[in-house]
Amino acid sequence: MHFELAQNARAAFAAAYGHAPALLVQAPGRVNLIGEHTDYNDGFVLPCAINHGTLVACSPRDDDTVQVVALDFAGATDRFDLNAAIEPRSDALWPNYLRGVIKLLKEAGWPIRGADLLVCGDVPQGAGLSSSASLELAVLQAFKALNGLDGLDGTAMALLAQRAENEFVGCNCGVMDQLISALGQADRALMIDCRSLQAEPVPMPADLAVLIVHSRVERGLVDSEYNQRRAQCEQAARHFGLASLRDLDLATLLARGDELPPLVFRRARHVLTENQRVLDAREALAAGDLARLGALMAASHDSMRDDFEITVPAIDQLVAILQQSIGDQGGARMTGGGFGGCVVALLPQSRVEAAVAAVAAHYRAPNGLPGQVHLCRASAGAGLL
Ligand code: GLA
């Protein structure tokens, strides 16, 4: 997280509230290296937290009022009372991420008092890098620190934030984004089993660069298409009498695939093959086998394009440009929920310059914009700054 961001937050907090903040906390955004649309199927994911996040400057109050200033929304404000019913606001979306987690925190019985908050961040919004999960976790981290909630661990915070997003914001997301924002580790990816919620650190080779390129294609249709994919996966699991696709093996799916509508079959095939790719990618990453890692990322992208149908032509083109530049020294694939947003590439530091040059030379979004490059590091999860 940038030093200047923290400086800005302190100064803006002092300007808004007339005194310095008691403390600063942060929670990171994330990039998923592989394992897409597997989390809500109780499957495997392999994300890392990134060095872009949300920062909250805060001070306790001795009443039960919560005040918020959102620097990235032109200094817009929110204010509510912890003792009244906390409802979503209909005139703006951003306050609802805060209201949702604070409401659930209180309902879960954690003793919390009011607070003055100032929120800012450097996760590009709407890019598929989990700016909303990082906001949720930063707010939870702030309330944890201000109220001394030592028993509230990262997994509990992540589950609370996911529920807030499902029930309060209305997005039916899985738990990956919140878990990695809570539990991320510097220089490590996490292999998360979304059924047991166990997270296993996987060291990133020191020389490996995490290059994120924003396609500059806005993620249209995300919610409706996302929820539809989720329903199709549930339909496939139900057909086999299973609680989730985690319990289905590929041999059974292939043998009995014609019992399913072809579209539903392909959705399930993506999830099952993607789960296996995550397990294989963990091995490849730990062994520093970049050729294998690249092949798995390519297969993941193809499966998202052909079976899950969540890519768009500009993203496919961007991935192809990166894959061609990287060769067998790593790989590239779309990352996140789909329909636009970002591509992630893993490659040796020494090849970054050439990959960035290839994108600059050969990629334009349909609106004429060039790709936007972020060279990231696997970073620590939510915590005090
Ligand atoms: C979004 C959701 C996650 C996950 C990904 C797809 O980021 O918030 O829960 O489902 O899409 O892998």
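Analyst: Happy to! Let's start with the backbone: a polar backbone atom of His 37 lies 2.7 Å from an oxygen atom of the ligand. Please keep in mind that this is a predicted model. Side chains take part as well. Arg 30 brings a side-chain N or O atom to 2.9 Å from an oxygen atom of the ligand, and for Tyr 226 the distance from a polar side-chain atom to a ligand oxygen is 2.6 Å. On its own, the ligand has 310 Å² of accessible area, and the protein covers 92% of that.

Now for the whole shell. Besides Arg 30, His 37 and Tyr 226, the residues around the ligand include Glu 36, Asp 39 and Tyr 40. As for the site itself, the ligand takes up the space of the largest pocket.

Phe 168 belongs to helix α4, which spans residues 154-169. Is Phe 168 buried or exposed? Its relative accessibility is 14%, and because the cut-off for buried is under 20%, Phe 168 counts as buried. Between Phe 168 and Ile 326 there are 42 Å in space, C-alpha to C-alpha, and the two are 158 residues apart in sequence.

How values were computed
Residues are numbered from 1 along each chain as its sequence is written. This is a predicted model: local features need pLDDT of at least 70, side-chain atom pairs count only at pLDDT 80 or more; totals for chains, interfaces and linings use all residues. Side-chain values use heavy atoms; hydrogens and water are left out. A residue is near a molecule or strand if one of its heavy atoms lies within 4 Å of it. A polar contact is a pair of N or O atoms within 3.5 Å; within protein, one must be able to donate a hydrogen and the other to accept it, and residues adjacent in sequence count only if both atoms are side-chain atoms. Accessible areas come from the Shrake-Rupley method with a 1.4 Å probe; for residues, only the protein chains shown count as cover. On a 1 Å grid over the protein atoms alone, a cavity is a set of points where a 1.4 Å probe fits but cannot get out, and a pocket is an open set with protein on both sides within 12 Å along at least five of seven lines; lining residues have an atom within 4 Å of a point. A molecule sits in a cavity or pocket if more than half of its atoms lie within 2 Å of its grid points. Helices (H or I, at least four residues) and strands (E, at least two) are DSSP runs, numbered from the N terminus. Buried means under 20% relative accessible area, exposed over 50%, partly exposed in between (1.4 Å probe, protein chains only).
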